Amino acid sequence: MDEKTLDRRQWLRQSGCGFGTIGLAALLHSEGLLSADQLGDRALQPLAPQPTHFPARAKRVIWIFINGGPSHVDTWDYKPALSKWNEKSIREFDPDFTNTTGFFKNAVGNLMQSPFKFKPRGECGKMVSEIFPNLGEHVDKMAFIHSGFSESNNHSPALFMMNCGMARMGFPCVGSWVTYGLGSESDSLPAFVVMSDPKGRGLPKGHAANWSAGFLPGVFQGTHLKPTGSPIDNLERSSELSADGQRRQLDLLQALNRVHLEDNSESALLARIESFELAYRMQSAAPEAIALDDEPEHIQRLYGIGRPECDHVARQCLMARRLVERGVRFVQIYSGGMENQRSWDGHQDIAGNHRQFAGETDQPVAALLADLQQRGMLDETLVIWCGEFGRLPIAQKGAKPGRDHNPHCFSAWLAGGGAKGGVSYGESDEIGYKAAVDRTHINDLHATILHLLGLDHEQLTYKYNGRRFRLTDVAGQVIQPIVTSAATSIG
Amino acid sequence: MKHINLIALFAVILLHGMRAGPSLAQTSADHIARMKASQALFKSQVKPILKAHCLNCHGGKSTKGDFDLSSRATMLDSGFVDLEDPKDSQILAVIRHETEPHMPMKSAKLSQKQIEEIGKWIALGAAYDAPFRQKLNGSVRQVTDTDREFWAFRSLDKVEVPQIEDPWVRTDIDRFLRVAQDEVDLAPNPEADRRTLIRRATFDLLGLPPKPEEVVAFVNDPDPQAYERLIDRLLESPHFGERWARHWMDVARFAESHGYEQDYDRPNAYHYRDFLIRAFNDDLPYDRFVSWQLAGDELDHDNALAMMATGFIGAGVFPTQLTEVEFESARYDELDDIVATTGVAFLGLSIGCARCHDHKYDPIPTGDYYRVAANFTKTIRSEIQLELDPAKNRENRAAHARELAMLEAKAKRFEAENLDAEFRQWLADFEPDKSDTIWQSATVVNVTSSAGSKYEYADDGAILALGKGPDKETITIRMRVEMSRVAALRLEALRHDSLPKGGPGRADNGNFALGELHLSHGDLSGEKFERLILKNARATHQQNSDALSVAASIDNDPISGWAVDLGGIGKDQAAVFDLAVPVENAKGHLFSLKMRFDHPNARHSLGRFRISFADTVGQTPIVGQGGMPRSVVKALAALKRDEVIDRGQRQQAIEWFVGHKSKLRALRQAVEKKRGDGPTIKKSLVQVSSEGLPHMKHHADGRGYPHFYPETYVLSRGDVHQKVEVATPGYLQVLMRGGRAADDWRVDSPDGWDRTGFSRASMANWLTDVEFGAGNLVARVVVNRLWQHHFGQGLVATPNDFGFSGERPTHPDLLDWMARDLVDHGWKLKRLHRLIMTSAAYRQSTVRRPDHDKRDSDNRLHARRVPRRLEGEAIRDAILSVSGQLDETMYGKGTLNSSMRRRSVYFFVKRSKLIPEMMLFDWPESLVSIGQRATTTTAPQALMFMNSSVVRAAAVGLADRLQDRSDNESIHAAYEWALGRPPTEPESRRAMQFLTTQMVAHGTSAQAQRLARADFFQVLFSLNEFIYVR
């Protein structure tokens, strides 16, 4: 500890309980104390906003997680050659193909063209599947990646790979890293919010590990808004207490607490006093943030609220906009629940499956983009459309053909928040079997997300059990071609 | 900011393995930027070119011309690349075809663009992002004696205690601390008051608050050794183990589910937690504590505790949904979890970092990693039945033997003393002429079932099948009958309470279907049998007159046959068959009866039956005990007449009497029942880790997951597709001193033991060898863990990292002195607790003076105590305890129900459903070893105190506990219970005012007072003072 640090600590002590929490954490951060094994004094205000490594393009993220693995060749990666190859064995294309590439080794069919029609959309003329009539309107806002690949052909490891950068359990997810790196801009809402399928189709495979903080302190894990009942634990007062009664409790608590501070002025105790005030505010702020009744009818209609096929996602998207508007840093919405017909995992009837889930999300997500833009928020809000892997260009045999998992290739898009509009990066091979040109590792995608948020993925580290860990492990490169130049950034 | 960025960059570069850089210390910012650019270029452009065109002959399959591209170091060694003058690099000349040999050899020249890229890459510094190939056998990191001089690896020598005179000093620990404080002229605090001390010690050792009466007793104890006695008492509390087991559960990444996709439960994993509680309570020596967790199944396999301890190995995550391509890597990941956790937990070393490359900071070559992993090659999770309380079972066995002997004696005594008189008395009333003689029970020689059914024989000739019936079977009965003429066969199908619906069949509905019935007549030697023709089948009841009639049992169709549903279930039935040709022999007969039960409906076999014979045809089918055999009637009649008969006949008559009429029968039955019941032996299914036992079943079995591979290979870059060689079991070289080799720790298995390989037992031997092995470090690490939990911070601030990048000890001599003391006194942890807790350092107050902050702001010198927040478990347990709701039941299965009232250590740890109340307070996610929990302060924690039903219920519970007291008294008592002290006058006044206001607010409620008090007690639970222990 040098003299400067000592002085700072003394200053904190002397400034009593009136100190700004933001100042404290920012000060600590600027001294580089945050990469220690523990959070140090930041533990007292772990979610206080943190400075970026360089000017950010995006301040926040909304990630529409296309759960189950969307078929890229039936959505955004137009493969006209697949018609030519239709019904042929994939071994004619790639003699090395093995039946264990997907999940069901006994249902390997021939190559199969997309059941959907594609047509050019937007000024960029991007070829878009007919299942996205509304999202097609926004292709000029989107930066497409067509060369993603994963390290697992199995849902939960691939989900962990996409969320945490490792196909194994135990590592912090992107949302946790981002909130660790940036803190929160809200002092009355959780920093990182996750919404799962509200239609009773389950949680994504691997459950809460997908929004886990891993070895980061638990405060950085995602807050899962429960799809039914009270969305956040302990938000509602006991029926035995009135609002006034509880306020009196807090006043007494704080008064009694302060008596003991006089002889024991530890900053931890001060922080705890503040946490009760924050909690008191959260009780009203959180329900307000997710109450959609305040939204005008035309906005509700824009998102598709009231339309049975997409009402649930519409509510989640609108909620997401309200949350980020109020300072929430990272929102993840899972489209679909568990496997098979409960999510985009179209093992059977790929046409029916994808038509259904596209129908659930198309209008709400398109509305989210439009709404963010009309409010001038899109520039600072990064919207991501991505699942855990792609699907094979061959049919999975069955009464109605489906498609099996494809770890070798997937598509994703980023919009807003410094992502370039109307561009496509990377290519899959002729039939969409494997990523071919400018192959994009998930580490690269993560590096890019952090980059847009003003974080250097190589500097954002946390030391744990003798090693400095990163979201991108020992790899990752920012995909510069899909990032707007600094001149147009929001700084 | 700028210089911080640079430091971070250094770290990054180190991570990338570029330690070959010639002069890292003097590198400029520009150099780093260039290296980064070079590295990026390498990754995107150069690497693919080298791989496609050069690597095969230069560092791949072969290394031609001494030019080895496999790593940056070997490339620079070759001299073909000149960083001083990049443009002059020989490699550029040959690929530009300016100099012979033109490269690539015998292939097309590289494109101009490719050549330019390579030139640019060299000009920028020729950085690699990673070597192409890791050399594992050749140029591996050598572990030297210099490495062994690092403080953590040094041998554990005797340390002299500083000789100082100081009134503050109570124990030798204080002497070490006092010297260091003196160096900065810092005086420690005086002892805290007794109320503070008992609260501090009770929470530290038990994780619970002291009870008011304990506080009072301690405060008023005149004994100068009162504090020492307090520590002794607390160390003997069973709650001690519950508290300290939870600390170790963090380290052991303990959970009770597989994790990943489905996160299936491991329902018998909790025995490991119970082992920990018992081990801490029993003060199991720490060296054995370590050894049992790694090899209890080898070192003490008859000891249930040692078996339970092996749960440590298998406590990590495992992805039970696997596809074939993932099988092998999943097993290596599992081994990695075991090796990494073993390293961190016992040694404070991140061995796991050496999986893909030599450890970046510590002297752990990749080879060492795989040698350690090889000790676990065949170790898998299993579930086995164990006697958890062998003493109790021993007691039960002895008691059973005693009771059996008593019953046998009783029967024998009756036989010797009373039987004769009883028989004579009965014989007096016996009327030979009136005895029933139509049906004579056969004497059964044996009964066999094609499906292996087991039978019990009763004295009345009935045969009872035991357990659940097989789908199909054929029953063969061999029997003798003492009559000269046999003309008819009777088969009784009898009910019994043990059968489904009372039988007589074994099918779920109590039915049976006798497909075929064959009676064969043998010569008396039993060698030759001849089948007899049966006819005129009739029965007391048959299910129908067709395929389920009794006649169908002798129709040569194995399916159709006698069944008794539709009125006959749960009742005795009989079927009678006449012999087409009666058989005669004065010496009696031997028969074999074959009953075939092949009905497609499952388990349609007979459950209880009896066979008897008659000497005349045409008998009506009736159910009834078989009559007395004629030979018996004859013998009894003769005895009654006092005639002399031969011994055999007499014996037969008495036996019949004993079997049917004597009290001896009940006595003998009691003996048999006792023998059959056996002693009560309680066994429990326990998850263990071992070798050669059936694997624990899980979802991945569906696709044929092998659970282990017979060999562990050294992998290049941790990749299962790049196997280098078979790894032989071994240890970390840096912790092998005095010229010892791995074999020197070899523990041989006992004679005849081949189920496990004893490599783990040998490893445990190395780990606990203080002189030549890892025991020195093992002792340091555990001493530090204890210190940390008593002071909030270890002497080494990174409890799970004693390596190069971890913190150095603040008081290395003290650490070594305590470690030596631990080892020299039999690795007893309770002694160490006592040693630490009786020090003046532990007993001092939390008072904070300006010079504390000035000279030692982080309190590394321990010149004061720092208040510490309780963990989630202790907070919850304290709330339950104070409210009088704590259920103190120990051990056994846990629960996910967060409103349970047992201690929090009994929560079921399911990885996908971690208990929310615990997660709020930084509960570990149980995925990796955690040496020290974070202590965050967040709003959701406050929400829990304000709104959770558990806290509210406890507040109401406390109100109920104090309902008989006045407001003032209840406030006073609540302070004593919750905070271990009476309220101050202002506190008491404020509390009274609050109660009055709240009571008015709850005015309309009949329970206004109760609710107002609950409101106040909730405030008490929320106080900083409640969860921060001073």
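**Group meeting: the contact of chains A and B, and packing within chain B**

Good morning. In the model before you, 76 residues of chain B are in contact with 73 residues of chain A, two residues being in contact if their C-beta atoms, placed from the backbone, lie within 7 Å. This is a predicted model, in which local features need pLDDT of at least 70 and side-chain atom pairs count only at pLDDT 80 or more, while totals for chains, interfaces and linings use all residues. Residues are numbered from 1 along each chain as its sequence is written, and chains are lettered from A and ligands numbered from 1 in the order in which they are written.

Let me stay with the side of chain B that touches chain A. Among the elements that give two or more residues to this side are helix 1 (2–15), helix 2 (29–53), helix 14 (327–347) and helix 33 of chain B. Helices (H or I, at least four residues) and strands (E, at least two) are DSSP runs, numbered from the N terminus. Which helix gives the largest share of this side? Helix 29 of chain B does, with seven residues. By class, the side has 32 nonpolar, 27 polar and 17 charged residues. Here Ala, Val, Leu, Ile, Met, Phe, Trp, Tyr, Cys and Pro count as nonpolar, Asp, Glu, Lys and Arg as charged, and the others, Gly among them, as polar.

I turn to the partner chain. Chain A has twelve helices and 19 strands. Of its 491 residues, 59% are buried, a residue being buried if 20 or more other C-beta atoms lie within 10 Å of its own.

Next come two helix pairs in chain B. The axes of helix 31 (residues 967–979) and helix 33 (residues 1008–1022) of chain B come within 11 Å and cross at roughly 30°. The two helices of chain B are therefore roughly parallel, the term for angles under 35 degrees, whereas those over 145 count as roughly antiparallel. From helix 31 of chain B, Ser970(B), Ala974(B) and Ala978(B) meet Arg1013(B), Phe1017(B), Leu1020(B) and Phe1021(B) in helix 33 of chain B. The residues of this contact divide into five nonpolar, one polar and one charged.

For the second pair, the axes of helix 16 (residues 390–417) and helix 20 (residues 664–677) of chain B come within 9 Å and cross at roughly 160°. These two helices of chain B are therefore roughly antiparallel to each other. Their contact has eight nonpolar, no polar and seven charged residues.

Helix 30 (residues 949–961) of chain B also deserves a look. Its buried residues include Val951(B), Ala955(B) and Leu958(B). What covers the buried residues of helix 30 of chain B includes helix 27 (872–882), helix 29, helix 31 and helix 33 of chain B.

I close with some backbone details of chain B. Where are the cis peptide bonds in question? One joins Glu100(B) and Pro101(B), with omega about -10°, and Pro101(B) is in the loop between helix 4 (90–95) and helix 5 (112–124) of chain B. Another joins Gly503(B) and Pro504(B), with omega about 10°; Pro504(B) lies in the loop between strand 7 (485–493) and strand 8 (516–522) of chain B. Finally, Asp263(B) is not a glycine, yet has a positive phi of about 50°. Asp263(B) is buried, with 22 other C-beta atoms within 10 Å.

Methods
Axes are lines fitted to C-alpha atoms, for helices over the stretch in contact, and angles run from 0 to 180 degrees between N-to-C directions. Angles under 35 degrees count as roughly parallel, over 145 as roughly antiparallel, 65 to 115 as roughly perpendicular and the rest as oblique. A residue is buried if 20 or more other C-beta atoms lie within 10 Å of its own, exposed if 12 or fewer, and partly exposed in between; C-beta atoms are placed from the backbone.
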